[in-house]
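Colleague: I'm new to reading protein models and would like some practice. Could you walk me through this one, feature by feature?

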Amino acid sequence: MKQKINILVVEDNIYYNNLIFNALQQSTHFVQKKVKYQLILQSFVDYSDFMQKIESREFADNDVVAFVDYNLGNGISGAQMINSLKKENSNTLAVLLSQSRTIEERSIKNNYDFYVIKDTFAPALCRLYLDQFIENKFL
Amino acid sequence: MILAVALLSATGYLSYRNLSSIVSSIQLDLKPDQRLLSIREISMDLEKAQNSIRIYSTTYDTLDLRPYYTIISNIDGKVSRLRSECVHDPVLLKQTDTISKLIEGNIVIWNQLLFLYNNQTVLGYLKQLSVRLDSSSLEAHRPESNILKRVFSRNQNRLNEDEIISNLRELEHQDSITKIRVTKRESKLAVTSTEIKEKFYDLITKIENEISDIVNEKALAADKLAAKTYIFIAMFSVSGTLLAILVMFIIVRYVRKAHVYQVALQSSKDEAEKLARTKELFMANMSHEIRTPVTAISGFTEQLLHEPLDENTTRTLKIIKSSSDHLGNIINDILDFSKLQNGKLALEKVHFFIAQVLEDVNALFERPAIRNNTRLSYSISPDTPEVLLGDPYRLKQILLNLVSNSVKFTKNGKVHFSVNCVKNDSSEIELLLEVVDTGVGIDESKLSLIFEDFTQEEMSTTRKYGGTGLGLSIVKKLIELHNGTIDCVSKKNQGTRITCHILYLTGNEKLVRKDVESQFFIPEEVKNLKILVVDDEEYNRLLFKTIMTRWQIRYYEASNGMEALEILKSDHFDLLFMDARMPGIDGLKATQFIRNEMNITESEMPVICISAANVNDDWQKYKKAGMNAFLPKPFTEEMLLTTILSVIKDYSYSSETEPVKEEEIQPDGASKINLQNLYHISGGDEQFVKQMLLSFDESTEKGINEIQEAVASGRLELVSELAHKMLPPCRHIGALELCNLLRKIEENIQKKTELSDLDRLAKESLQEFEEVSRLVKEQITKIS
């Protein structure tokens with residue numbers, strides 16, 4: 001049975017969501033290995049959809065790499081989402097997308113693995129992170 | 001298989017033989033029986049001969065006898081031929097003999113008949129004469145016209161006539177007797193002829209029967225042979241089919257087995273490769289894991305030794321330093337061994353002083369030798385060139401291992417190592433390295449084992465003297481890497497002599513690397529540097545920090561690649577130390593990102609790779625990624641300084657250069673948007689750009705309107721959140737004026753400024769967005 005990996009983008013801004021989603025799609029290793037290792041890329045604009053999936057334990061049994069925005073609107077913090085995700089599945093690697101270092105520092109106690117400041121380089125950095133993750137995992 | 005082939009061959013051979021027999025038999029049967037032909041010919045000849053005589057008996061023409069005589073003259077030959085043809089058959093031979101006798105008898109009769117026929121001719125003539133005489137006597141009885149004639153001739157004639165008549169009568173009598181004889185002869189001849197014919201017919205019948213029997217026998221035999229042949233052919237076909245099936249089966253089985261073996265082989269190969277990779281990875285990991293704390297121990301000990309300490313502490317620290325260095329050497333040994341085994345160790349080619357190498361080795365073992373009450377000495381032959389071209393580190397490693405062993409195993413004795421030049425052929429030099437000791441020696445039976453991996457003479461040796469048992473194995477492999485030879489002569493309790501022949505090239509004194517130690521001071525240009533160290537190991541960072549703080553260098557650190565990249569986005573550094581192996585993003589990928597995505601050039605910021613693993617083998621890969629130098633862990637201050645100097649001397653740079661600010665990316669100040677990033681990310685996919693612009697326009701319009709509403713309703717927190725949320729997309733498409741306005745809104749809310757200002761900013765944002773939206777729509781139309 002193929003090893004399944006869920007790659008998730010949780011970003012309420014549709015533009016930035018598309019941007020990150022597209023960047024991840026272009027990851028060399030993702031393109032090459034998505035069939036072999038069943039790499040599933042999903043994006044969520046609405047955090048409630050994402051929560052629903054967590055509650056239905058959709059991500060419970062497989063490795064998860066999540067790119068989560070810090071501010072998901074309506075006062076919902078991405079850091080909370082990451083906590084819920086990690087509680088459900090300890091094999092979760094989370095990258096927090098934040099606006100500024102201030103926010104990153106504020107959420108230092110949260111359970112994310114890396115943070116990426118949402119600037120010009122952010123999509124490429126997310127892609128690079130995914131590339132490295134797949135390389136470390138499978139190659 | 002062999003049985004099947006043998007069976008097939010046998011049946012094939014038998015079938016072939018039988019078929020050949022049948023064919024030859026048929027060929028023989030097709031030929032007419034020569035004996036039968038001869039008999040028929042003889043029979044016909046006899047018929048002809050008889051006919052010839054019959055005709056003659058009627059015509060009495062001798063010409064008619066010609067065929068007879070021809071046949072008679074040839075008949076013997078034909079009978080002889082028949083005899084020769086029947087010579088193998090005694091019955092037929094007897095018959096032939098009988099025929100021969102009958103023919104002879106027949107010929108005698110025919111000859112007698114001919115004789116009688118000839119006699120009959122005379123008699124016939126005589127008979128004619130008698131008839132004529134009769135007629136003349138009648139004339140004599142007629143009245144004579146001439147009286148005289150009648151008187152004088154009558155008496156004489158009467159006498160002669162009577163006598164002749166009498167004779168004639170006698171002849172007639174004789175003739176009748178002859179006729180009777182001829183008749184008798186003819187009848188006898190007819191009997192004989194019939195007899196001969198019968199004999200002939202008998203003989204022919206017999207021969208024909210015999211031939212028929214033979215033919216039947218042959219047919220029967222042929223039938224049997226054919227039946228046998230059919231069986232053989234059937235057997236041949238069956239065994240052929242069986243063989244074919246067997247061969248097919250064997251081939252299929254072979255192919256299957258081969259496939260299974262191939263799969264197993266491939267699996268084994270994969271497994272072996274996996275194991276090798278695992279081993280390599282394990283070695284790399286282990287070396288990394290062990291070297292990292294060793295680096296810290298050695299480095300910090302070195303740092304502590306710089307402090308003013310009491311003698312006792314200094315001595316203790318020196319022991320710690322020496323022990324950690326020793327541990328480092330063991331790790332190096334293990335790593336080198338692994339690399340030598342995998343053929344991954346490459347020799348350097350640098351110019352070096354050979355005397356320096358020997359002096360270093362001597363200095364290193366001087367004290368241990370004294371502790372063993374052993375005299376350590378070395379020598380270099382005068383004809384050895386002062387400077388060689390090759391790998392001094394590996395030469396030193398060879399000598400270190402050999403001398404270390406000698407010193408270790410020699411108590412109260414002598415250890416001498418020397419270098420002699422055996423051959424100096426233009427540029428190539430053959431060196432003879434000799435290490436001679438008067439130590440415990442090695443048992444002759446164990447001499448062949450000492451160069452094997454993980455081997456020491458006795459297990460107790462390890463306990464008594466320590467060591468990994470890799471030293472000599474590494475030496476041998478290193479010598480082989482130099483295309484040299486190594487030999488060992490030893491006697492138990494008398495000592496050991498190890499000789500190595502090794503090839504080097506003549507070096508150039510001018511090209512010998514200068515030792516930094518002699519001028520160990522921190523140049524001003526180094527002190528002015530602003531350096532970022534990226535390493536996931538805290539104590540490594542601390543070590544860097546300790547050294548660099550002492551060197552008065554502006555030092556910054558990051559614990560992983562991602563963090564480093566985040567720092568580099570907003571700050572400029574003159575030099576970057578990048579650990580090769582880190583969680584998240586490794587040094588290689590991070591450097592690639594710095595060079596390719598962030599466009600920070602090598603001259604702007606050289607990158608020095610730091611790693612506990614030796615990256616020499618992969619250096620090209622690291623270099624290609626944009627790294628400029630390599631600093632192995634553990635490192636000394638001198639190594640660190642040398643590496644820094646090597647890159648800052650290579651690359652001229654200005655420490656005043658500021659990093660390119662994001663805002664400066666905009667190429668055209670007049671333009672409200674900049675789609676360069678978006679196009680870069682899209683990889684040329686215009687439809688993607690279009691889709692992104694549509695989503696930007698839609699989401700930003702929604703956000704801007706929500707801001708207007710929120711400002712109007714005084715929900716400032718929501719305004720701040722909305723503005724904050726809209727910043728990244730706006731920044732991404734280069735709508736920097738809009739970005740500024742949104743940022744100001746956010747700041748104003750944080751600073752709790754007047755609501756009117758906020759309202760103004762919100763309106764300005766709306767106006768700016770309308771302009772941006774117009775441009776975005778223009779772009780969308782262009783793409784459409």
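Colleague: Let's begin with the nonpolar core. Which residues of the largest nonpolar core touch the most other members?

Modeller: The general idea first: in soluble globular proteins, nonpolar side chains tend to be buried together. Here a nonpolar core is a set of buried Ala, Val, Leu, Ile, Met, Phe, Trp, Tyr and Cys residues joined through C-beta atoms within 7 Å. A residue is buried if 20 or more other C-beta atoms lie within 10 Å of its own, exposed if 12 or fewer, and partly exposed in between, with C-beta atoms placed from the backbone. In this predicted model, the largest such core has 124 residues, and V10(A), A66(A), V95(A), L96(A), V116(A), C126(A) and Y129(A) touch the most other members. The core also draws at least three residues from each of domain 3 (517–660) and domain 4 (676–783) of chain B, with bounds that come from an automatic or database domain assignment.

Colleague: What does V116(A) touch?

Modeller: Contact here means that the C-beta atoms of two residues, placed from the backbone, lie within 7 Å. Skipping residues up to four places away in sequence, V116(A) touches V95(A), L97(A), A122(A), L125(A), C126(A) and M562(B). There is another core apart from this one, with 35 residues, including V357(B), L399(B), L470(B) and I486(B).

Colleague: Before we go on, how should I read the numbering and the pLDDT limits?

Modeller: Residues count from 1 along each chain as its sequence is written, while chains are lettered from A and ligands numbered from 1 in the order in which they are written. Since it's a predicted model, local features need pLDDT of at least 70 and side-chain atom pairs count only at pLDDT 80 or more, but totals for chains, interfaces and linings use all residues.

Colleague: Okay, on to chain A. How many helices and strands does chain A have?

Modeller: Helices (H or I, at least four residues) and strands (E, at least two) are DSSP runs, numbered from the N terminus. Chain A comes to 6 helices and 5 strands, in the order β-α-α-β-α-β-α-β-α-β-α from the N terminus on. Of its 139 residues, 50% count as buried.

Colleague: In what order do the strands of the chain A sheet lie?

Modeller: Strands of a sheet pair through backbone hydrogen bonds, either parallel or antiparallel. We call two strands paired if DSSP finds at least two bridges between them. In chain A, 5 strands make an open sheet, ordered β2-β1-β3-β4-β5, with parallel pairing. β2 (39–44) and β5 (114–117) of chain A are at the edges with a single partner strand each, so one side of each has no neighbour in the sheet. From one strand to the next, the twist averages 15°. Zooming in, 6 bridges join β1 (residues 5–10) of chain A to β2(A), and I7(A) has L41(A) as its bridge partner in β2(A).

Colleague: Where is Y112(A), and is Y112(A) buried or exposed?

Modeller: Y112(A) is in the loop between α5 (101–106) and β5 of chain A. It counts as buried because it has 24 C-beta neighbours inside 10 Å. Beyond its neighbours within four places in sequence, Y112(A) is in contact with A79(A), I82(A), A94(A), V95(A) and L96(A).

Colleague: Now chain B. How do β6(B) and β7(B) run?

Modeller: They're antiparallel, joined by 7 bridges, and S490(B) stands opposite T496(B) in β7(B). The two strands form a hairpin with 3 residues between them, and N493(B) in the turn has a positive phi of about 65°. N493(B) isn't a glycine, and it counts as exposed because it has 9 C-beta neighbours inside 10 Å.

Colleague: Last one: how many residues does each chain give to the contact between them?

Modeller: Chain B gives 29 residues and chain A gives 26 residues. On the chain B side, α19(B) gives the most, with 8 residues. That side divides into 13 nonpolar, 7 polar and 9 charged residues. For those classes, Ala, Val, Leu, Ile, Met, Phe, Trp, Tyr, Cys and Pro count as nonpolar, Asp, Glu, Lys and Arg as charged, and the others, Gly among them, as polar.

Definitions and conventions
Axes are lines fitted to C-alpha atoms, for helices over the stretch in contact, and angles run from 0 to 180 degrees between N-to-C directions.
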